Each structure stands twice: as structure tokens, then as C-alpha cells.
Amino acid sequence: MSLTTSAPDGRPRCGWCAAAPEFLPYHDHEWGFPVGDDRRLFEKLCLEGFQSGLSWRTILAKRENFRAAFHGFDFDRVATFTEADVARLLRDEGIIRHRGKIEAVINNAARAQDLVRQEGSLAAYLWRFEPRPEDCAPPQTVSTSPASIALSKDLKKRGWKFVGPTTVFAFMQAMGLINDHAEGCVVREEAERVRAGFRRPG
């Protein structure tokens, strides 16, 4: 667990912010804040899958391109993609042109539709895996958890792809299912306040 004070305002933040200044808005206003919107949750699962083997800096820089390429991650639209769409995406220099990851997004879109039919919403399903605070490791000390392992196993059983425990843990950190901001980070208290007032789906 580390902090950095390299931000322009000098306030302490999670250490990974020091890697690039463009991380600051994402860190301060998105990362760790709870999300209940199905499309945003699906987007993040997809982007974390694309990040596998790469850096989040690379994915964040291309996020708007990904959104354009996948119709804002509307999984009802993405589930209709054909091999012609795969070919189109493999020519798109604005995204990561990895056939397996592209095909995983299309597959996972159909699996997301299944979950909505079964659970009412993707959010209702995913938030069932929110761990109790007492079951969480100290902030930024682990890259997987019992909760991420359980969610990963269940998603894979349902046919999802590129959803390993580390990928799922990063998703849970980012979407506020846990508050993994470092102790002393200026955003940690705000993220916890928002989490406390967040109405869990389902």
C-alpha cells in the first residue's frame, strides 16, 4: 500500500496515480465509487478483459475508441455482432486488436443478456458478490480475493470469457464493490461515504 503526493494540488492519493497524470481524474471521480448501471458494469468487465497482459494506462487512453467501436457497450447490440463485425474491429487501430478478446466481448454480451433474464439486471447479480468489509484485505495489498475468485468461477460456469480472478478483482476495485483506496488517500473517505449511501441493486 502506498501513497503519492505528486499530484498538482499536493494532496495524497493512491500510489498508482504517480504513473501518469491522466490517471488523476479517473482516480478522483470514478475508481472505487459504486456503480449500479448495467452498461457501465459490462463496459468495465470488458475493458478489464482487454487489459489482461497490458497496462490500464493503455486501455484508459483508448476508452473512447472502445466505446465507439462497441456502441457504448450496449450489450443488447453487441450480442448481435457477426464475423463481419469481428473483422471490422480487427482493422480498428483505435482499440486493442486481439481476436480472442474481441470475440469474448461479443460472447459476454449474450451471457449478460442471460443474466438480465435470470436476475433482473446485471447489477443485481454482480453486487451479490460484494464482500463484507471484515473479509477484505488491507487496501492495495492483494490482487485477488475470495470474493473475486467466487465471482470469476461463477461467471466462467455461466460461459463468460476473460474473467479470471485478477481481472474480476480489478473490476470490483474500480466499480466500488470494495473500497481499495489506500489509507490516507484523500478520496478514500469520499468513496466510503458514497458507498454507504449507495442502494444495492436487487
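**Note on buried residues, salt bridges and the annotated site**

1. D154 has a relative accessible area of 14% and is therefore buried, the limit being under 20%. This comes from a predicted model. D154 is one partner of a salt bridge, the other being R158, and their closest N and O atoms lie 2.8 Å apart. R158 has a relative accessibility of 28%, so R158 counts as partly exposed.

2. R63 is buried because its relative accessible area is 12%. E30 counts as partly exposed because its relative accessibility is 23%.

3. R188 and E183 form another salt bridge, and here the closest N and O atoms are 3.7 Å apart. At 19% relative accessibility R188 still counts as buried, because the limit is under 20%. E183 has a relative accessible area of 44%, so E183 is partly exposed. Elsewhere, salt bridges with shared partners join E119, R128, D154, K157 and R158 into one network. The D154 and R158 of point 1 both belong to this network.

4. Which residues does UniProt list for the "binding site"? The unreviewed entry gives C14, H27, H181 and C185. These residues are spread over 172 residues of sequence, yet they cluster in space, with a largest C-alpha distance of 10.4 Å. The annotation comes from the record and may be inferred rather than shown by experiment.

5. C14 is part of strand β2 (residues 13-14). C14 counts as buried because its relative accessibility is 0%. Leaving out residues up to four places away in sequence, C14 touches S2, L3, T4, H27, W31, Q140, H181, A182 and C185. Those contacts include H27, H181 and C185, which the UniProt entry lists along with C14.

6. H27 sits in helix α1 (residues 23-29). H27 also has 0% relative accessibility, so H27 counts as buried. With residues up to four places away in sequence left out, H27 touches R13, C14, W16, C17, F33, H181, C185 and V187. Among these contacts are C14, H181 and C185, each of them listed by UniProt for the site.

7. The largest nonpolar core has 55 residues. Which of its residues have the most contacts inside it? They are F42, F66, F70, L122 and W160. F42 touches F73, F75, V105, N108, A109, A112, L122 and W160, residues up to four places away in sequence not being counted.

8. Is E48 buried or exposed? At 6% relative accessibility E48 counts as buried, because this value is under 20%. E48 lies in helix α2 (residues 38-51). Apart from neighbours within four places in sequence, E48 is in contact with W56, T167, A170 and F171.

Key
Residues are numbered from 1 along each chain as its sequence is written. This is a predicted model: local features need pLDDT of at least 70, side-chain atom pairs count only at pLDDT 80 or more; totals for chains, interfaces and linings use all residues. Side-chain values use heavy atoms; hydrogens and water are left out. Helices (H or I, at least four residues) and strands (E, at least two) are DSSP runs, numbered from the N terminus. Buried means under 20% relative accessible area, exposed over 50%, partly exposed in between (1.4 Å probe, protein chains only). Contact means heavy atoms within 4.5 Å. A nonpolar core is a set of buried Ala, Val, Leu, Ile, Met, Phe, Trp, Tyr and Cys residues joined through side-chain atoms within 4.5 Å. A salt bridge is a side-chain nitrogen of Lys or Arg within 4 Å of a carboxyl oxygen of Asp or Glu.
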